[in-house]
Amino acid sequence: QTYCGGNVANASGWNRSNSGGKPNIVGQRPNGGNGYGLYDMSGNAWEPVEDCWIDSYRGNQPTDQAARTSNCKNTGTSVLRGGSWDNDPMALHAATRKRPLRSRSNHKGFRVARTVNF
């Protein structure tokens, strides 16, 4: 299993076994960063993505890595990905997805991004 930043869940992200029962400050895991310099993409908080919900990707997966935005149930509702601080380490990968609930919790978050000119 591969996680953002490596193949060891506890070194790459926050999960039930290493979080102390709460969300944690981003960037504190030894292997938590990916090639883009983004940290804690595995675990810590479920994050919404552009994909909308479909029951199964079997026979219906995008072939161009684009976000799924058509033929969806509950169009306009983003999928949550990545797992949270309270999940088992096996759930902390980008393929794990969850239907978003219309409620607040410290299991869900979002990422603020900025453009950097290199």
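Guide: Happy to! Two strands count as paired if DSSP finds at least two bridges between them. Keep in mind that this is a predicted model.

Visitor: Good. Then which residue in β2 does Pro48 stand opposite?

Guide: Pro48 stands opposite Leu80. Glu47, for its part, faces Arg81 in β2.

Visitor: And how many bridges join β1 to β2?

Guide: Three bridges link β1, residues 47-52, with β2, residues 78-81, and the two strands run antiparallel.

Visitor: What is the bridge partner of Leu80 in β3?

Guide: That is Lys98. β3 covers residues 97-98, and its antiparallel pairing with β2 rests on two bridges.

Visitor: So what is the strand order in the sheet?

Guide: The order is β1-β2-β3, in an open sheet of three strands with antiparallel pairing. β1 and β3 are at the edges with a single partner strand each, so one side of each has no neighbour in the sheet.

Visitor: Changing topic: what pattern does the protein chain follow along the sequence?

Guide: Reading along the sequence gives α-β-β-β, with one helix and three strands in the protein chain.

Visitor: What percentage of the 118 residues is buried?

Guide: Buried residues account for 35% of them. The accessible surface of the protein chain is about 7800 Å², and carbon and sulfur atoms hold 50% of that.

Visitor: Last one: among contacts between residues at least 6 apart in sequence, what share joins residues at least 24 apart?

Guide: For the protein chain, that share is 56%.

Key: Residues numbered from 1 in each chain as written. Predicted model: local features only at pLDDT ≥ 70, side-chain atom pairs only at ≥ 80, totals over all residues. Heavy atoms only, no water. Helix = DSSP H or I, 4+ residues; strand = E, 2+ residues; numbered from the N terminus. Buried < 20%, exposed > 50% of the residue type's maximum accessible area, 1.4 Å probe, protein only. Contact = heavy atoms within 4.5 Å. Areas by Shrake-Rupley, 256 points an atom, 1.4 Å probe, with all protein chains shown as cover.
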